[in-house]
Amino acid sequence: MSPTPAAPALVSVNDMVTRPSREEALKAVRTLLAWAGDNPDREGLRDTPKRVVDAYSEWFEGYGADPAVELSRTFEDVQGYDDMVLLRDIEIESHCEHHMAPFLGKAYVAYIPTEKVVGISKLARVVEIFARRLQTQETLTQLIAEAIESNLQPAGVAILIDAEHQCMTTRGVHHRHVSTITTRFTGVFKSDEVLKDRFLKLAKG
């Protein structure tokens, strides 16, 4: 019997090719402006390549950040607390890897601590780091869960992301106000349906 093929590994930030220079990026934007049918040298577009490159530096700054660093400072004095820690309504501003179009929404992140907890701002920062990279919403959901799972070793992790994709609203089928919901559950959130249901009610309640 043939062995079961391994699941494809998620692309690591370390798998990136060498980053082009800023000048190369500016030239690339000029090429796209010309390809779109406009004149990159006209007054209104003269500074557009600089603005686009600066915007890309902000939109995709997650490639230069490490979620493990954000989750490395933990607190072990939890006074016996063993219930859910939940952050609601974390803003998501990301770009899909298929069309490089924005998808915007909210993330809901929960974990059950065992021996240590992390500052709540660090959880929001982890969401932000992964969101500021190119990926699908499904991958984003999984990466956030994996980072919390591997760095905090909690009893379980629950992630829900609810977002609207501009590649669906501004092109293609042009359906507005359609949101995509993705979830990821590990540990006790996966095995305990009551706990999972409690998370979902608290997240969207």
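What covers the buried residues of H1? The cover includes helix H2 (48-59). The views below come from a predicted model, in which local features need pLDDT of at least 70 and side-chain atom pairs count only at pLDDT 80 or more, while totals for chains, interfaces and linings use all residues. Residues are numbered from 1 along each chain as its sequence is written, and side-chain values use heavy atoms, with hydrogens and water left out.

**View 1**
Helix H1 covers residues 22-36; helices (H or I, at least four residues) and strands (E, at least two) are DSSP runs, numbered from the N terminus. The expected span of a helix is 1.5 Å times one less than its number of residues. For the 15 residues of H1 this gives 21 Å, which agrees with the 21 Å between its end C-alpha atoms. Leu-26, Val-29 and Leu-33 of H1 are buried. Seen down the axis of H1, its buried residues fall within an arc of 60 degrees, so they line one face of the helix; the arc is that of the directions from the helix axis to the C-beta atoms. On the other side of H1, Lys-27, Thr-31, Leu-32 and Trp-35 are exposed. Buried means under 20% relative accessible area, exposed over 50%, and partly exposed in between (1.4 Å probe, protein chains only). Gly-37 follows H1 and has a positive phi, near 110 degrees.

**View 1. Gln-153 in the loop between H5 and E6.**
Gln-153 is found between helix H5 (137-152) and strand E6 (156-165). Its relative accessibility is 42%, so Gln-153 counts as partly exposed. Leaving aside neighbours within four places in sequence, Gln-153 is in contact (heavy atoms within 4.5 Å) with Thr-114, Lys-116 and Ile-148. A polar atom of the Gln-153 side chain lies 2.4 Å from the backbone oxygen of Ser-150. Ala-68 is 85 residues from Gln-153 in sequence, and their C-alpha atoms are 12 Å apart in space.

Asp-89 is in strand E2 (residues 85-96). Its phi is near 60 degrees, a positive value in a residue other than glycine. Asp-89 has a relative accessible area of 40% and is partly exposed. Met-100 is in the loop between E2 and strand E3 (102-112). Met-100 is not a glycine either, yet has a positive phi of about 60 degrees. With a relative accessible area of 37%, Met-100 is partly exposed.

**View 2. Ile-181 in strand E7.**
Strand E7 (residues 179-187) holds Ile-181. Not counting residues up to four places away in sequence, Ile-181 touches Gln-137, Leu-160, Ile-161 and Asp-162. Pro-40 is 141 residues from Ile-181 along the chain, and the two C-alpha atoms are separated by 39 Å.

**View 3. Cys-96 and Cys-167.**
A search of the whole structure finds 0 disulfides, a disulfide being a pair of cysteine sulfur atoms within 2.5 Å. The cysteine sulfur closest to that of Cys-96 is in Cys-167, at 4.3 Å, which is too far for a bond. Cys-167 is accordingly in no disulfide. Cys-96 counts as buried, at 6% relative accessibility. Cys-167 also counts as buried, at 14% relative accessibility.

Note on methods: Polar contact = N/O pair within 3.5 Å; in protein donor to acceptor, adjacent residues only side chain to side chain.
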